[in-house]
Structure formats: C-alpha cells, structure tokens
Amino acid sequence: MNSSTPQVLSDYFSAANDGRIDDTASCFAADALVHDENQDRLGLDAIRTWIEHTTREYQPKTDVASIEAVEDTFVAVATVSGTFPGSPIQLTYTFTVQNEKITGLSIR
C-alpha cells in the first residue's frame, strides 16, 4: 500500500489476515455498509457477525496486489485464499472512507 492509502485500510487487511475479529470490526463506522456474497450488512453488529462468520468458516488470507484511489473510493485488487471452494481467487475490494473509518465496502 502506498502513502496515499488511508491507514484504516492497512489496519483492516492486517487485522483480517490475523483473524482479529474485534480489530477488523473496529475499522468500520457505526453506519457502514458491506456488500459481499450478494448480501448487504448494515451497521456494526451485522458487520461484526459477517467478519466472525467468514473468519471462522473460511480462514481467509488476503494478499493485496494493488490499491488505488478512484474518484472518492479506494479500489484494492487482492488474491484471497482460505478454506472455501475455488481458493485462491482474485477479488476486488471497493472502499469508501470518512473520518478514518470504512463507511462502505463492496467485495466482488
């Protein structure tokens, strides 16, 4: 990640890779929205539940290949491996960030 990447994105990937559920969840704003696996999770409780489930079920590890600012978002391309069918896969993470918190995340 480069110097223009918000620290919260580095913190998110680091905590997620280490399986630190609470630390990963703390990267999000209270009213954040996450879209993953064709489902939306709104708010910290739903996002923490999503993090806990995916961490325990799939044990994902993310290797970020690139991250760049695109208009008002940050787009990360990463290879994700874990205990899920088709592992490893390449995914695109699109983040919105405000006040040093993730307010939106779409994973495709």
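Student: Why is aspartate 18 called exposed?

Tutor: Exposed means over 50% relative accessible area, buried under 20%, and partly exposed in between, with a 1.4 Å probe and protein chains only; aspartate 18 has 52% relative accessibility, so aspartate 18 counts as exposed. This is a predicted model, in which local features need pLDDT of at least 70 and side-chain atom pairs count only at pLDDT 80 or more, while totals for chains, interfaces and linings use all residues. Residues are numbered from 1 along each chain as its sequence is written, and side-chain values use heavy atoms, with hydrogens and water left out.

Student: What makes arginine 20 and aspartate 18 a salt bridge?

Tutor: A salt bridge needs a side-chain nitrogen of Lys or Arg within 4 Å of a carboxyl oxygen of Asp or Glu, and the closest N and O atoms of arginine 20 and aspartate 18 are 3.2 Å apart. Arginine 20, at 32% relative accessibility, is therefore partly exposed.

Student: Which residues are linked in a network of salt bridges?

Tutor: The network links Asp22, Arg48, Glu52 and Arg56. Aspartate 22 and arginine 48 meet at 2.8 Å, N to O, and this pair links distant parts of the chain, with aspartate 22 in helix 2 and arginine 48 in helix 3, 26 residues apart; helices here are DSSP runs of H or I with at least four residues, and strands are runs of E with at least two, numbered from the N terminus. Arginine 56 and glutamate 52 have their closest N and O atoms 3.3 Å apart, and both lie in helix 3, four residues apart, about one turn of the helix.

Student: How do you know whether tyrosine 12 is buried or exposed?

Tutor: Its relative accessible area is 5%, so tyrosine 12 is buried.

Student: What makes the pair of tyrosine 12 and phenylalanine 13 edge-to-face?

Tutor: Rings of Phe, Tyr and Trp (its six-membered ring) pair if their centres lie within 6.5 Å, and planes under 30 degrees apart count as stacked, over 60 as edge-to-face and the rest as tilted. For tyrosine 12 and phenylalanine 13 the values are 5.1 Å centre to centre and 70° between the planes, an edge-to-face pair.

Student: Why is the pair of tyrosine 93 and phenylalanine 95 called stacked?

Tutor: The ring centres of tyrosine 93 and phenylalanine 95 are 6.2 Å apart and the planes lie at 10°, so the pair is stacked. Both tyrosine 93 and phenylalanine 95 are buried, and ring pairs link Tyr12, Phe13, Phe28, Tyr93 and Phe95 into a cluster.
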